[in-house]
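The following note sets out numbered remarks on the model shown below. Each point takes up one region or one local feature.

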Amino acid sequence: MYSSHKLLIANRGEIAVRVIQACKDLAIRSVAIYADDDMASLHVKMADEAWALSGLTAKETYLDINKILAIAKKAQVTMIHPGYGFLSERADFAQAVLDAGLIWVGPPPKAIQQLGDKIQARKIAQSVGAPLVQGTAQPLQSAEEALKFAKQYGLPIAIKAAYGGGGRGLKVAWELEEVASLYESAVREATAAFGRGECYVEQYLDKPRHIEAQILADQLGHIVVVGTRDCSLQRRNQKLVEEAPAPFISDDIYQQIVSSSIKLCRAVDYIGAGTVEYLLSQNSKLSFLEVNTRLQVEHPVSEQTSGLDIVVEQIKIALGEPLSIQATPKTHTHAIEFRINAEDPARGFIPSFGQISKFMAPSGIGIRLDTGVMQGSEVSRHFDSLLAKLIVTGPTREIAIQRAKRALAAFEIEGIATVLPFHKTVLQHPDFVDEFKVHTRWIEQDFSHEYEVQQRSMIQDDHQFARFMIEIDGKLQQIGLPKEFLNFQSVQEHVKPIEEVKVFDEKTLLAPISGVITAWKVEDNQMVEKGDVVAVMEAMKMEVQVTAHLSGEIKQLAQIHQNYSNDEKIAEIHPV
């Protein structure tokens, strides 16, 4: 029934692998696409076909609609699945896929546009009676407008990308003095991640929980809430741990979530998988947050507790089939997902990249691993830090936690820094295990732990390819050869282990991450105080502030828009 179809995955990493697996279960041929750094990636190896995007950055590859559609035409696919991130919430991409005569595995472009515009989504939520905090009715035109809102409604405020998601382009201002700079940072981050920089602002609930409803809707008018999730454990607005069903919420809150989610989706004739997100304050005030018009990273916990394959459901819905269920399934299990990110807890969770020299995953009852990497994989500086997801399931939350301890103890990753040590620590903390005092800023405000520095490898250079046209069977074909091969250099020369922490003069200011300096906030020979933000660096589509490690006169500023490795000298500060 499905074997006549061929599906292109407009994504990379673990979600591309996940979609490929669903295709195999349905006997649908899968087509992968890849950036230069992803040539040897797991999703490329697993797909039935793989086509090069011929580029390094997201803008050159996974965000290039014309390139993707050109490959879809050459590969003669019938369907396109966007995964999450990249183009997954771009209405223009969905429309372009449909205009090309292909099946779009996702919501209608109109629904994406209505709900993807966070300001319009707020209006729709208000119209169906969903709970809401105060927010701007239109995108902001300047930082001054954000400041005016903060003065009128009070701090803290959240500055958010109007066309984004996943924590990109989201900044929380706690002091009036930082509103302007955070607004500018949100605009830059949103532009880099989504191609659009419009932002809006709303009241930010202090120490809220993040609760969501997983939605499935078919083309026949059926809408079902598959279940709830708690995604409160976050760092820099990026989720780290998620679980289903959302624990410790009242039946009243649950009913509000289910009812308003269905009404909201019905108001825009929603089709496919989606997530309606809410914030729940300490005093049980529920407020609509946004709708993610795509598959969520944390969808596996809903699969484990509902028995559904949500990706398979997405594909069947796109083909016009009815939902497999007609009501929220009863669950007798609990599932917890741990995002395995290439981030270094010992260095403030800054992104890490390099080559994975060891990848030994756990196994056993209740253990599921969704991964986009394996031993020998290279983690690129150009893309998101998510490597894999460990999903642990048990008949109760307590048993799931105990199994998670077992699984994390057995999980070994070497060659790059990861968040595994953080997850192990969280599972020993009573705020998470016993009393559940976790909130969206719990890590920043209520949690502290000293971590050992992890040994890591470092790829010194990006993969750069020289491309040539050759004739094969009478047709011109393009091939790409690594430039280091053309120079007769071994790839091994580009992978160097870091055996010990580098030692520098105390006045040396080191890059906190491997990435690009996008801006200096100071001038050469300027006086700075310890803790001052002196520069901004960007890696994996996230901005990281560089702070002065001591007070004095800053000199020898490194060039902006250049790549620097973590622990590389970028300036000097001379005490006065």
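1. Helix 6 and its end. Helix 6 is followed by Gly-129, whose phi is positive, near 85°. The model is a predicted one, in which local features need pLDDT of at least 70, side-chain atom pairs count only at pLDDT 80 or more, and totals for chains, interfaces and linings use all residues. Residues are numbered from 1 along each chain as its sequence is written, and side-chain values use heavy atoms, with hydrogens and water left out. Helices (H or I, at least four residues) and strands (E, at least two) are DSSP runs, numbered from the N terminus.

2. The start of helix 6. Helix 6 covers residues 118-127. Asp-117 caps its N-terminal end, with a side-chain oxygen 3.0 Å from the backbone nitrogen of Ile-119.

3. The buried side of helix 6. Lys-118, Ile-119, Ala-121, Arg-122, Ile-124 and Ala-125 are buried in this helix; buried means under 20% relative accessible area, exposed over 50%, and partly exposed in between (1.4 Å probe, protein chains only). These buried residues pack against helix 5, strand 6 (157-161), strand 8 (199-203), helix 9 (251-267) and strand 13 (286-292). Arg-122 counts as buried because its relative accessibility is 9%. Leaving aside neighbours within four places in sequence, Arg-122 is in contact (heavy atoms within 4.5 Å) with Leu-132, Val-133, Gln-134, Gly-135, Thr-136, Tyr-200, Glu-202 and Phe-288.

4. Helix 5 against helix 6. Two packed helices are described by the angle between their axes and the distance between the axes. Helix 5 and helix 6 pack at about 90°, with axes 5 Å apart. Axes are lines fitted to C-alpha atoms, for helices over the stretch in contact, and angles run from 0 to 180 degrees between N-to-C directions. Helix 5 is therefore roughly perpendicular to helix 6; angles under 35 degrees count as roughly parallel, over 145 as roughly antiparallel, 65 to 115 as roughly perpendicular and the rest as oblique. Gln-114, Leu-115 and Gly-116 of helix 5 meet Lys-118, Gln-120, Ala-121 and Ile-124 of helix 6. By class, this contact has three nonpolar, three polar and one charged residues. Here Ala, Val, Leu, Ile, Met, Phe, Trp, Tyr, Cys and Pro count as nonpolar, Asp, Glu, Lys and Arg as charged, and the others, Gly among them, as polar.

5. Helix 4 against helix 5. Helix 4 (residues 91-99) and helix 5 (residues 109-116) pack at about 180°, their axes being 8 Å apart. The two are therefore roughly antiparallel to each other. Ala-91, Ala-94, Gln-95 and Leu-98 of helix 4 make the contact with Pro-109, Ile-112 and Gln-113 of helix 5. The classes here are five nonpolar, two polar and no charged residues.

6. Five strands form an open sheet in the order 3-2-1-4-5, with parallel pairing; two strands pair if DSSP finds at least two bridges between them. Strand 3 (49-52) and strand 5 (103-104) are the edge strands, each pairing on one side only. Strand 4 (residues 79-81) is joined to strand 5 by two bridges, and Met-79 has Ile-103 as its bridge partner in strand 5. Helix 1 (residues 13-25) lies across strand 1 (6-9), strand 2 (29-34) and strand 4, at about 170° to strand 1.

7. Strand 12 and its partners. Nine of the nine residues of strand 12 (residues 272-280) are buried, so this strand is largely enclosed by the rest of the structure. Nine bridges join strand 9 (residues 209-217) to strand 12 in an antiparallel arrangement, with Glu-212 opposite Glu-277. Strand 12 is also joined to strand 13 by six bridges, again antiparallel, and Leu-280 stands opposite Leu-286.

8. Backbone values to inspect. Most residues other than glycine have a negative phi, and most peptide bonds are trans. The bond from Leu-155 to Pro-156 is cis, with omega near 0°, and Pro-156 is in the loop between helix 7 (143-153) and strand 6. A cis bond also joins Ala-244 and Pro-245, with omega about -10°. Ser-54 has a positive phi near 55° and is partly exposed, at a relative accessible area of 27%. Asp-269 likewise has a positive phi near 55°; at 59% relative accessibility, Asp-269 counts as exposed.

How values were computed. A polar contact is a pair of N or O atoms within 3.5 Å; within protein, one must be able to donate a hydrogen and the other to accept it, and residues adjacent in sequence count only if both atoms are side-chain atoms.
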